[in-house]
Amino acid sequence: MRRAAVAVATTAMAVSLAACGSAKESDGGSDSSDSAAKKGDDIKVGLLLPENQTARYEKFDKPMIEKKVKELTNNKGEVVYANAKQDASLQNQQVDTMVTNKVDVLIIDAVDYKAIAGSVKKAHDAGIKVVAFDRLAEGPIDAYTSFDNVTVGKTQGEALLKALGDKAKDSQIVMMNGSSTDPNAAQFKEGAHSVLDGKVKIGREYDTKEWKPENANANMQAAISALGKDNIDGVYSANDGMAGGSITALKRAGIKDIPVTGQDAELAGVQRIVTGEQYMSVFKSYPKEAEVAAEMAVALAKGESLDSIANDKVDSATAKDVPAVIVPVVSLTQENIKETVIKDGFYTIDEICTDKYKAACDKIGLK
């Protein structure tokens, strides 16, 4: 069985990113200017996002991509949007609709990176370029932007070890990984294991269906039942939503004051960090990622080269030397909330420090 991101993850992302060869034998590595007719600003960009449960997609990605496309096309470019609501079959239908409507380029954040491959090929065969956004989709993609997902997992693992301190070697943790249909989840897991293995005992580990908090909650309840409430010292959670679901189960069982990781810097996650219920999240610059995706899409739609945008290459199971931009990440804790999410305009202090959280905010100097 071939997995799109395994080629990246199992060889370590850095290896494939460094492989900046000049091979052009695959569709993914071809120069866009060779196969797309030159167009003006009047372009149509199809934007397909995977779900609406994680706050980032509707709050950040969609409006930021729309704004950047307008900026790059003198307000003439159009973004046609669809959200798959975690349904891979629906997303394939949405691609078909975009092809029928003759969009010039697609930005796709795949629900299932393998299941989307056939639809990517349909778009390719129709002369429509495809930017894989955030997740490395299979099929003949033309460009890719995301974060260094192995580094995300390492960042989470390192933070968890720091929180456990000298007690780490005697600690038992639960690992709440993401969905097995998401190639990023495999890379987060790889990075986390590279840091945690041999340093802590992993009592239970789960791949969480569809990244849903309620599924993480059920998994955590099972872990508590299996391990005992006095035998869990920390939780590796791959994102903030699952951290929230896990924390709810922990609190219900009377387990408090253990470090829990996260990712995405969701408002609820940041507020849990303020109170100490969640130890950290991974702050990722969605504005930068969205900006790059829009720049790639507009260039491809206009038949322009990506040389001035993409400075890396990645391989999937089905495409080689795909032009890529990998955006760096930051560990978000109580100590750097002002320097990250507030400074970058994600949230204001008032949004974070509502009446419920004001005392906790005052305690950590967030005023």
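**Exercise 1. Determine how α9 and α10 cross in this predicted model, and what makes up their contact.**

Step 1. Handedness: the crossing of α9 and α10 is right-handed.

Step 2. Geometry: α9 spans residues 213-227 and α10 spans residues 240-252, and the two pack at about 40° with their axes 7 Å apart. That angle makes α9 oblique to α10, because angles under 35 degrees would count as roughly parallel and 65 to 115 as roughly perpendicular.

Step 3. Residues: α9 contributes Pro213, Ala216, Asn217, Met220, Gln221 and Ile224 to the contact. From α10 come Gly241, Met242, Gly245, Ser246, Thr248, Ala249, Leu250 and Arg252.

Step 4. Classes: the contact of α9 with α10 has seven nonpolar, six polar and one charged residues.

**Exercise 2. Carry out the analysis for α4 and α12.**

Step 1. Geometry: α4 (residues 55-72) packs with α12 (residues 286-301) at an angle of about 45°, and their axes are 8 Å apart. The two helices are therefore oblique to each other.

Step 2. Handedness: α4 and α12 make a right-handed crossing.

Step 3. Residues: on the α4 side are Arg56, Phe60, Asp61, Met64, Ile65, Lys68, Val69 and Leu72. They meet Tyr286, Pro287, Glu289, Ala290, Glu291, Ala294, Glu295 and Val298 of α12.

Step 4. Classes: ten nonpolar and six charged residues form the contact of α4 with α12, with no polar residues.

**Exercise 3. Describe the three-stranded sheet and the helix α8 that lies across it.**

Step 1. Order: β7-β6-β8 is the order of this open sheet, and the pairing is parallel.

Step 2. Edges: the edge strands are β7 (201-207) and β8 (234-237), each pairing on one side only.

Step 3. Twist: the average from one strand to the next is 15°.

Step 4. Bridges: six of them join β6 (residues 172-177) to β7, and these two strands run parallel. Gln172 stands opposite Lys201 in β7.

Step 5. Helix: α8 (residues 183-196) lies across β6, β7 and β8. The helix α8 runs at about 165° to β6.

**Exercise 4. State the confidence of the model for the protein chain, and locate a stretch below 50.**

Step 1. Whole chain: the mean pLDDT is 90, and 90% of the residues reach 70 or more.

Step 2. Stretch: the pLDDT is below 50 over residues 1-36.

Step 3. Contacts of that stretch: residues 1-36 have 85 contacts in the model beyond near neighbours in sequence.

How values were computed
Residues numbered from 1 in each chain as written. Predicted model: local features only at pLDDT ≥ 70, side-chain atom pairs only at ≥ 80, totals over all residues. Heavy atoms only, no water. Axes fitted to C-alpha atoms, helices over the stretch in contact; angles between N-to-C directions. Helix = DSSP H or I, 4+ residues; strand = E, 2+ residues; numbered from the N terminus. Parallel < 35°, antiparallel > 145°, perpendicular 65-115°, else oblique. Left-handed = near helix turned anticlockwise from the far one by under 90°. Contact = heavy atoms within 4.5 Å. Nonpolar A, V, L, I, M, F, W, Y, C, P; charged D, E, K, R; others polar. pLDDT = per-residue confidence, 0-100. Pairing = 2+ DSSP bridges.
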